[in-house]
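Try each task before reading its solution.

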Amino acid sequence: EAMASAQRAHCPGYECQPHEDLEQFAQNKLDEALRLLRVDLNLGQVGRTLVLKQQLGYRINCGFQLVVSDDSLHYAMREDRTPKLLGCDRFPIAVPRIQDAMEAGIRWLRSSESVRVASLRSCRFVTGWSQQQVVLHLNYEDAFQGEHWNRWAEDMRRHCDLFSIVGRSKGACSRVGSTEDHLTDSVSLSGSEVIYHQPLDAFAHPNVFAMQEACQWLCSRFEAIQDQMRSPQGCRLLELYCGFGAHTVPLARSSAVGSVLAVELDKRLADAAKQNCVLNGVADKVTIVEGDAGMAGQKACAGSDVYDVLLVDPPRSGLDCNVRQMAASGGFQHLLYISCGRHALIRDLRELRPYFEVSDVVAMDLFPLTDHVEHLVHLVRNS
């Protein structure tokens, strides 16, 4: 009943609504994205589309404005720069654990003293891929009283079964519940369970189903590369923009990969990647380097080590010029590119075209109900 109610909700800012034909919307979006990529890069019929089965209940990080309407507090999101009410207390895009926390949380806030919610302007729910723990961030316009707020927030945390609650206003921050700076997570990737520590204030893939499909594609690509190389030691991988090791760990556990040098600029993510490698028993195969992707990659290629495969998963802005130059001049026979920015991907592939040929492309539904697409691209160096 709760899910049926949520599916009737309005999702402000989304190109498709939960009551519409979600799979058809996704297929049309991906077909058009692949068509445009083929035309721009003259790829012929190379590539395929992948519509995720989970069109709802996928997002692990959701933020909302809190708006008073008809003397009651409601969740809202911006649409054309204007706050629009969701229409219910659940958000069908969110994973079920967040939807439950939303419903319990808004009921608690509505029943609370006005002093605790008077200047409350927005909130954010964050969980891990396995949905074991939920953190609620409450953002206030005015300062709140520390000890009084702490007691109130602890009661709310227990009532709503939350991992922790973080309250923020200008110049102030208070927290109740767990003091850990990460979520402990586990997820099935390529047939085995992987354990992760996800830093709370750093980036994590918001869609676990898309991340699982990307990992499965990567592992299948490495198996094909290993079969072609026929190297008993496995592929030597240089990974840039590795994050906290979401791809690093499952690839290092594969027999097709012999060694990994992974680079990440964000210290929080680099430290988490090291810890995740230890947690999953692959620290002996992986070296994590904290630093700029282009500079660290060029330094690695200038050394005595040789790498067979370059894996990049950059932000939406794509590869910087140093990374493109390194990819072009390096000894990599294979380049695996995970892209969440279509225009940047086309720019990068055009610059790499003299050196690589596109072997495989998958256009995947990164965020269902939106126009966002993730491309998985395998390039092979021209002979």
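**Exercise 1. Find which residues His378 touches, leaving out those up to four places away in sequence.**

Solution. Step one is to collect the contacts, where contact means heavy atoms within 4.5 Å. His378 touches Trp217, Arg221, Ile225, His334, Leu335, Leu336, Glu357, Val358, Ser359 and Asp360. Step two looks at one of these partners: the side chains of His378 and Arg221 make a polar contact at 3.1 Å. (A polar contact is a pair of N or O atoms within 3.5 Å; within protein, one must be able to donate a hydrogen and the other to accept it, and residues adjacent in sequence count only if both atoms are side-chain atoms.)

Before going on, a word on the model: it is predicted, so local features need pLDDT of at least 70 and side-chain atom pairs count only at pLDDT 80 or more, while totals for chains, interfaces and linings use all residues. Residues are numbered from 1 along each chain as its sequence is written, and side-chain values use heavy atoms, with hydrogens and water left out.

**Exercise 2. Decide whether His378 is buried or exposed, and do likewise for Arg97.**

Solution. Start with His378, which lies in strand β17 (residues 374-381). Strands (E, at least two residues) and helices (H or I, at least four) are DSSP runs, numbered from the N terminus. His378 has 4% relative accessibility, so it counts as buried (buried is under 20% relative accessible area, exposed over 50%, partly exposed in between, with a 1.4 Å probe and protein chains only). Now take Arg97 in helix α3 (residues 96-110). Arg97 is buried because its relative accessibility is 17%. Leaving aside neighbours within four places in sequence, Arg97 is in contact with Gln131, Gln132, Val134 and Asp161.

**Exercise 3. Describe how α9 and α10 cross.**

Solution. First, get the geometry: the axes of α9 (residues 293-302) and α10 (residues 321-329) come within 8 Å and cross at roughly 25°. Therefore α9 is roughly parallel to α10 (angles under 35 degrees count as roughly parallel, over 145 as roughly antiparallel, 65 to 115 as roughly perpendicular and the rest as oblique). Axes are lines fitted to C-alpha atoms, for helices over the stretch in contact, and angles run from 0 to 180 degrees between N-to-C directions.

Next, list the residues: Ala293, Gly294, Gly297, Gln298 and Cys301 in α9 meet Asn322, Val323, Gln325 and Met326 in α10.
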